[in-house]
Amino acid sequence: AVLMTYYRNNTIHLMVTPSLIASIVLHHERIHRDDLMKQVELIFPLIKAELFICYEKEELPDVVNTLIS
């Protein structure tokens, strides 16, 4: 059971940014990339404080652009 918790937890950390992007896109009928980025940047510090995210806020634009491409 401990091993499964470990993997589930790691999956959450890996999928949090793509999931956040998907949630924002699904919430809006249309959203410009810059507006999406602003929303991700607003929420990112909260996520970063709670989860292990391997990149810093300065790297976020590249990460987001890669994910949505």
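User: How do I read a salt bridge, and which residue pairs with lysine 48 here?

Analyst: Start with the general idea. Side chains of opposite charge can pair when their charged atoms come close. The cut-off is a side-chain nitrogen of Lys or Arg within 4 Å of a carboxyl oxygen of Asp or Glu. In this predicted model, lysine 48 pairs with glutamate 56, and their closest N and O atoms are 3.5 Å apart. The structure holds 1 salt bridge.

User: What ground rules apply to the numbering and the model?

Analyst: Residues are numbered from 1 along each chain as its sequence is written, and side-chain values use heavy atoms, with hydrogens and water left out. Because the model is predicted, local features need pLDDT of at least 70 and side-chain atom pairs count only at pLDDT 80 or more, while totals for chains, interfaces and linings use all residues.

User: Are lysine 48 and glutamate 56 buried, partly exposed or exposed?

Analyst: Buried means under 20%, exposed over 50%, and partly exposed in between (1.4 Å probe, protein chains only). Lysine 48 has 25% relative accessibility, so it counts as partly exposed. Glutamate 56 has 41%, so it is partly exposed too. Across the chain, 23% of the 69 residues count as buried.

User: How many helices and strands does the chain have?

Analyst: Elements are DSSP runs, numbered from the N terminus: helices are H or I with at least four residues, strands are E with at least two. This chain has 3 helices and 0 strands. The order from the N terminus is α-α-α. The C-alpha trace spans about 40 × 25 × 20 Å along its principal axes.

User: How do I check the length of helix α2?

Analyst: Compare expected and modelled span. The expected span is 1.5 Å times one less than the number of residues. Helix α2 covers residues 33-50, which is 18 residues, so it should span 26 Å. Its end C-alpha atoms are 25 Å apart, which agrees.

User: Where does α2 kink?

Analyst: The bend at a residue is the angle between axes fitted to the seven residues ending there and the seven starting there. In α2, a kink of about 40° lies at phenylalanine 44, shortly before proline 45.

User: Which residues of α2 are buried?

Analyst: They are Leu36, Met37, Val40, Phe44 and Ile47. Take valine 40: its relative accessible area is 1%, so it is buried. Valine 40 and isoleucine 24 are 16 residues apart in sequence, with C-alpha atoms 8.3 Å apart in space.

User: How do I read a pocket, and what lines the largest one?

Analyst: Rolling a probe the size of a water molecule over the atoms shows where empty space is left. On a 1 Å grid over the protein atoms alone, using a 1.4 Å probe, a pocket is an open set of points with protein on both sides within 12 Å along at least five of seven lines; lining residues have an atom within 4 Å of a point. The volume is the space filled by probe spheres set on the points, which are joined across faces, edges and corners. Here the largest pocket holds about 200 Å³ of space. Its lining includes Asn10, His13, Phe52, Tyr55 and Leu67.

User: Which element gives the most to that lining?

Analyst: Helix α1 does, with 5 residues.
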